[in-house]
Amino acid sequence: METIDEARSALLQRCASGDSAALRTLYDQSAPQLFSVLLRILHRRDLAEEALQEVFMSVWRKASSYRPARGSPMAWMTSIARYRALDIRRSLKSDQFSGDLMPILEETVAAEDTDLVEKAGLSGDAQRLEECLQRLTPQQNQAIRLAFVGGFTHEEVAGRIGSPIGTIKSWVRRGLQALRSCLGS
Amino acid sequence: MRYDNAELNERLAADYVIGTMRGAARRRFEDIMAGHIPLRRAVHRWEQRLFWLSMQLPPVQPPPEVWARIERQIAPPGSVMPVAVPSRLWQALAAGIAAVALVLGTLLVSRAPEVQVQVKVEKQAIESAHTAIVADNTAPIWVVNAYPDTAELRVQAVRSVPLADNQSFELWMLPDSGAAPVSLGLLPRVGSAVLTVSAEQLRILAATSKLAVSIEPAGGSPTGAPTGPIPYSAPLLHTAPV
């Protein structure tokens, strides 16, 4: 049976040969997840919509350079989306971000820990990551999630958690080190 | 900064992927990563480890206008039928030239007046280890990219040049050692082709700085060496250390 990664790799190959129907299928399958990723970092629908369009244009143009060896298609597309969002965010002044979505972020971050265990059909890799995250200190876990999912800088994470920036940096760094050895690769 | 230390690579890659590396440091890291395979692999591993965090977010349906705009960009209205081929050409050309543009700037692009493509260099797109553009005096004819990871040579005919029906274009490596030319296969007259290359061919490719194209009887040289005229040659650029 074809895995979802294999199916998506095949779609990317078809995109590489100019098949726009394949891009449409990829879009239908992954745009809602990527839109959520972009919204979370950009906090504004107009920016996230524009970024989503750019992300899929990148996927279309770069499809021929995708190789399964570099990770799953979804990991690849998520990286394109996150990096684009980080670039956009950096180019904007801080006052262009409304604070509206911030509470939602923190609620979700808190809720995820308990919510996740109940998610059916979670892949083995996702479960392993979650188990490893649970072995970190709660502060390390939270700092990593805020940086990765929220797109916050060390400084912003420090502001939100209310700890000095040096402390945040070491939480993130040690947390990531521990994650790597826990995941064992 | 040192980029030959595995532990440091891991840390920098993690900092890049999680997004806390910002500003000029981020740009600099992207530049270095483009030509640094261990660093790029470390980044890919971190992306693969952490992207599950993003998958935990609840999906949000984007408005239909977003797809409509994407569709317009990849297939401008009024040219729905013929657009498939040009867009494919454009895309392959952009991907192929991007690698070279990094090294040669806009030189080759400006040599291609017929094509008039503004190539945006996207370093992430560069995954091929060896690349060549075979051109005549006016414009590129073939873009050649080698991918050792998958043992593939991808060749795109950017435009077609005249050739008798009973003849083929054959692509050759001219090894730096001065050894006899080694065939890489037949070049497509139009469109693109994926040629499979052996480990031995890849080894020779890594020690080759020049490719040549010969005109052979249809189906390729009967002797294993070029038998006809050699109208084109091109420098082979090694874009990533392997």
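Biologist: What does the side chain of Asn141(A) reach?
Modeller: In this predicted model, the Asn141(A) side chain gets to the backbone oxygen of Leu133(A), at 3.3 Å.

Biologist: Which helix is Asn141(A) in?
Modeller: Helix H7 of chain A, residues 138-150.

Biologist: Buried or exposed?
Modeller: Asn141(A) counts as buried, because its relative accessibility is 6% and the cut-off for buried is under 20%.

Biologist: And what is Asn141(A) in contact with, leaving aside neighbours within four places in sequence?
Modeller: Leu133(A), Gln134(A) and Leu136(A).

Biologist: Which residue does Arg145(A) pair with?
Modeller: Glu130(A), with the closest N and O atoms 3.0 Å apart. That pair links distant parts of the chain: Arg145(A) sits in helix H7 and Glu130(A) in helix H6 (residues 124-135), 15 residues apart.

Biologist: Are those two buried or exposed?
Modeller: Arg145(A) is buried at 1% relative accessibility, and Glu130(A) is buried at 6%.

Biologist: Which residues are joined into one network?
Modeller: Salt bridges with shared partners connect Arg180(A), Glu7(B), Glu10(B), Arg45(B) and Arg49(B).

Biologist: Back in chain A, where do Glu49(A) and Arg45(A) lie?
Modeller: Both are in helix H3 (residues 45-62), four residues apart, or about one turn. Glu49(A) is buried at 15% relative accessible area, while Arg45(A) is partly exposed at 44% relative accessibility.

Definitions and conventions:
Residues numbered from 1 in each chain as written. Chains lettered and ligands numbered in written order. Predicted model: local features only at pLDDT ≥ 70, side-chain atom pairs only at ≥ 80, totals over all residues. Heavy atoms only, no water. Helix = DSSP H or I, 4+ residues; strand = E, 2+ residues; numbered from the N terminus. Buried < 20%, exposed > 50% of the residue type's maximum accessible area, 1.4 Å probe, protein only. Polar contact = N/O pair within 3.5 Å; in protein donor to acceptor, adjacent residues only side chain to side chain. Contact = heavy atoms within 4.5 Å. Salt bridge = Lys/Arg side-chain N within 4 Å of Asp/Glu carboxyl O.
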